[in-house]
Amino acid sequence: MSQTTPFTGGLYVITYGCQMNEYDSDKMASLLAKTHGLTLVTEPEEADVVLMNTCSVREKAQEKVFSELGRWEKWKKLKSNRVIGVGGCVASQEGREIRRRAPCVDVIFGPQTLHRLPAMIDEVLRVRGDDSIKKKKAVIDISFPEIEKFDHLPEPEVNGVSAMVSVMEGCSKYCTFCVVPYTRGEEVSRPYEDVLHEIRILAEQGVREVNLLGQNVNAYRGVMEDGDIADLAVLMHAVRAIEGIGRIRFTTSHPNEMTQSIINCYAEIPELVSHLHLPIQSGSDKVLAMMKRNHMVLEYKSTIRKVRALRPNLCLSGDFIIGFPGETCDDFKETLALVEELKYDRSFSFIYSERPGTPAAGFLDEEPMEKKKRRLFAIQELLNKQTADISDAMLGTVQRVLVERLSRKSFDQVAGRTENNRVVNFSGSPELIGQFVDVEITEALTNSLQGNLIATPEADSHIAPQAYAL
């Protein structure tokens with residue numbers, strides 16, 4: 001534990017953005033628990049250290065940051081020894097602007113420097129205690145030391161059955177609308193054995209499902225001990241061999257990186273879920289070219305056909321940007337036609353948001369916002385209907401469910417997730433937590449499913465369920 005920390009309270013972390021940010025926030029909490037003895041609290045007012053992990057993919061997410069900091073500045077005055085930190089992509093992109101607009105911020109760090117957070121906090125405390133320093137400045141580190149952070153983070157600790165594992169950082173695709181290459185750096189993969197070591201530790205703690213994470217996770221190229229390079233397919237084959245791991249997910253992917261070896265995994269690895277999140281952003285080749293996606297709609301559809309030939313029950317989800325500069329009504333109709341043809345499930349769609357520093361920020365955009373809003377409404381109506389149709393089609397089917405926790409619906413029920421990531425509530429014993437069970441779906445609700453337990457195939461197997469805090 002740090003010798004300089006006077007903290008007696010806790011740590012509050014608020015996270016905006018993707019699963020990568022969620023993963024990073026968990027690592028921040030584990031790190032500061034080890035170095036400064038800080039425990040997570042549910043309200044920022046209760047904390048000695050308050051951290052915001054940010055996302056800059058959309059303008060609204062960025063403005064949320066400054067709005068939240070405005071509130072924090074008011075109550076920091078009530079407890080001046082609090083440390084406020086901002087990390088993530090907004091910090092990487094707008095580091096000094098954050099300090100200018102929100103002088104209450106003490107620490108500003110990027111996605112690649114979160115492992116330096118304990119030393120940065122100690123530096124804040126040192127400067128505060130030095131009366132010779134009249135103007136206290138924020139400690140800022142938004143550099144790009146590639147994957148150095150993974151060598152300095154504590155061993156993973158979980159109390160659950162599902163865990164996210166970051167296998168690579170950054171993006172080298174440079175889509176014209178996206179800030180990720182500028183805020184997280186270019187693609188860098190973690191060494192193959194490092195990833196497997198982390199997953200083995202998680203499995204020993206009772207984790208049954210891992211979600212392999214990356215900005216372009218299917219671009220993974222990890223160095224092996226013999227110097228060879230492992231792609232995502234090789235990695236997933238190794239993950240499935242780890243005792244206890246019964247389910248594998250990966251997100252997020254780029255269509256250009258869906259190699260045949262990864263596609264073949266849907267035939268070769270039964271632990272790989274029948275679910276694929278593969279963003280296309282637009283159904284128009286013209287718009288895709290302006291976005292610099294470097295693929296055509298036909299190529300994307302060919303990839304989906306190949307995967308569905310191996311997994312006919314595959315659930316597909318994606319991301320769609322509406323109103324990209326230059327998008328016409330006909331372009332949008334092509335996007336609707338693509339969604340109608342491929343039948344998406346639980347997808348994300350939003351109006352294009354100009355990101356400073358990206359090529360698209362300089363594109364001419366003459367389409368009125370009202371048109372864009374109407375298009376967004378139309379595609380969301382279609383996507384929501386498709387999601388509901390998939391839920392309805394699950395009625396009467398038997399789904400393999402990983403039991404994760406007690407249900408929030410009823411005291412005598414447990415809850416778990418299907419392969420296509422739907423929550424199912426059903427009557428069952430808490431001892432089922434950590435097991436894969438067979439559940440017949442009896443009711444499809446807006447945000448969850450209801451079911452009946454029909455089989456517990458692991459109950460008498462050699463896999464003993466982990467004991468979890470309830």
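**Close-up views of a predicted model**

At 1% relative accessibility, Asn21 counts as buried (buried means under 20% relative accessible area, exposed over 50%, and partly exposed in between, with a 1.4 Å probe and protein chains only). The model shown is predicted, so local features need pLDDT of at least 70 and side-chain atom pairs count only at pLDDT 80 or more, while totals for chains, interfaces and linings use all residues. Residues are numbered from 1 along each chain as its sequence is written, and side-chain values use heavy atoms, with hydrogens and water left out.

View 1. Asn21 belongs to helix H1 (residues 19-36); helices (H or I, at least four residues) and strands (E, at least two) are DSSP runs, numbered from the N terminus. Leaving aside residues up to four places away in sequence, Asn21 touches Thr15, Tyr16, Asn53, Thr54, Cys55 and Arg184, where contact means heavy atoms within 4.5 Å. Gly160 stands 139 residues from Asn21 along the chain, and the C-alpha atoms of these two residues are separated by 19 Å.

**View 2. Helices H10 and H11.** The axes of helix H10 (residues 297-310) and helix H11 (residues 329-342) come within 12 Å and cross at roughly 10°. Axes are lines fitted to C-alpha atoms, for helices over the stretch in contact, and angles run from 0 to 180 degrees between N-to-C directions. H10 and H11 are therefore roughly parallel to each other (angles under 35 degrees count as roughly parallel, over 145 as roughly antiparallel, 65 to 115 as roughly perpendicular and the rest as oblique). On the H10 side, Val297, Tyr300, Lys301, Ile304 and Arg308 meet Leu338, Glu341 and Leu342 of H11. By class, this contact of H10 with H11 has five nonpolar, no polar and three charged residues; Ala, Val, Leu, Ile, Met, Phe, Trp, Tyr, Cys and Pro count as nonpolar, Asp, Glu, Lys and Arg as charged, and the others, Gly among them, as polar.

**View 3. Helices H11 and H12.** The axes of H11 and helix H12 (residues 369-393) come within 10 Å, with a crossing angle of roughly 5°. H11 and H12 are therefore roughly parallel to each other. Cys329, Phe332, Thr335, Leu336, Val339 and Glu340 in H11 meet a set of H12 residues: Arg375, Ala378, Ile379, Leu382, Leu383 and Gln386. The contact of H11 with H12 has, by class, eight nonpolar, two polar and two charged residues.

**View 4. The aromatic pair of Phe177 and Phe324.** The structure holds six aromatic pairs; rings of Phe, Tyr and Trp (its six-membered ring) pair if their centres lie within 6.5 Å, and planes under 30 degrees apart count as stacked, over 60 as edge-to-face and the rest as tilted. One of them is the edge-to-face pair of Phe177 and Phe324, with 6.4 Å centre to centre and 85° between the planes. This pair links distant parts of the chain, 147 residues apart: Phe177 is in the loop between strand S7 (168-169) and helix H5 (180-183), and Phe324 is in the loop between strand S15 (319-322) and H11. Phe177 counts as buried, at 12% relative accessibility, and Phe324 counts as buried at 1%. Phe177 and Phe324 form one aromatic cluster with Tyr352 and Phe363.

**View 5. The aromatic pair of Phe320 and Tyr344.** Phe320 and Tyr344 form an edge-to-face pair, 5.0 Å centre to centre and with 85° between the planes. The pair links distant parts of the chain, with Phe320 in strand S15 and Tyr344 in the loop between H11 and strand S16 (348-351), 24 residues apart. Phe320 is buried, with a relative accessible area of 0%, and Tyr344 is buried, also at 0%.

**View 6. Arginines over phenylalanine rings.** Arg101 lies over the face of Phe66, at 3.7 Å from the ring centre. Arg400 lies over the face of Phe436, at 3.8 Å from the ring centre. A charge sits over a ring if NZ of Lys or CZ of Arg is within 6 Å of the ring centre and within 35 degrees of the ring normal.

View 7. The peptide bond from Thr251 to Thr252 is cis, with omega near -5°, and Thr252 is placed in the loop between strand S12 (247-251) and helix H8 (260-268). Tyr174, a residue other than glycine, has a positive phi near 55°. Tyr174 lies in the loop between S7 and H5 and is partly exposed, with a relative accessible area of 25%. Lys343 has a positive phi near 60°, and is found in the loop between H11 and S16. At 42% relative accessibility, Lys343 counts as partly exposed.
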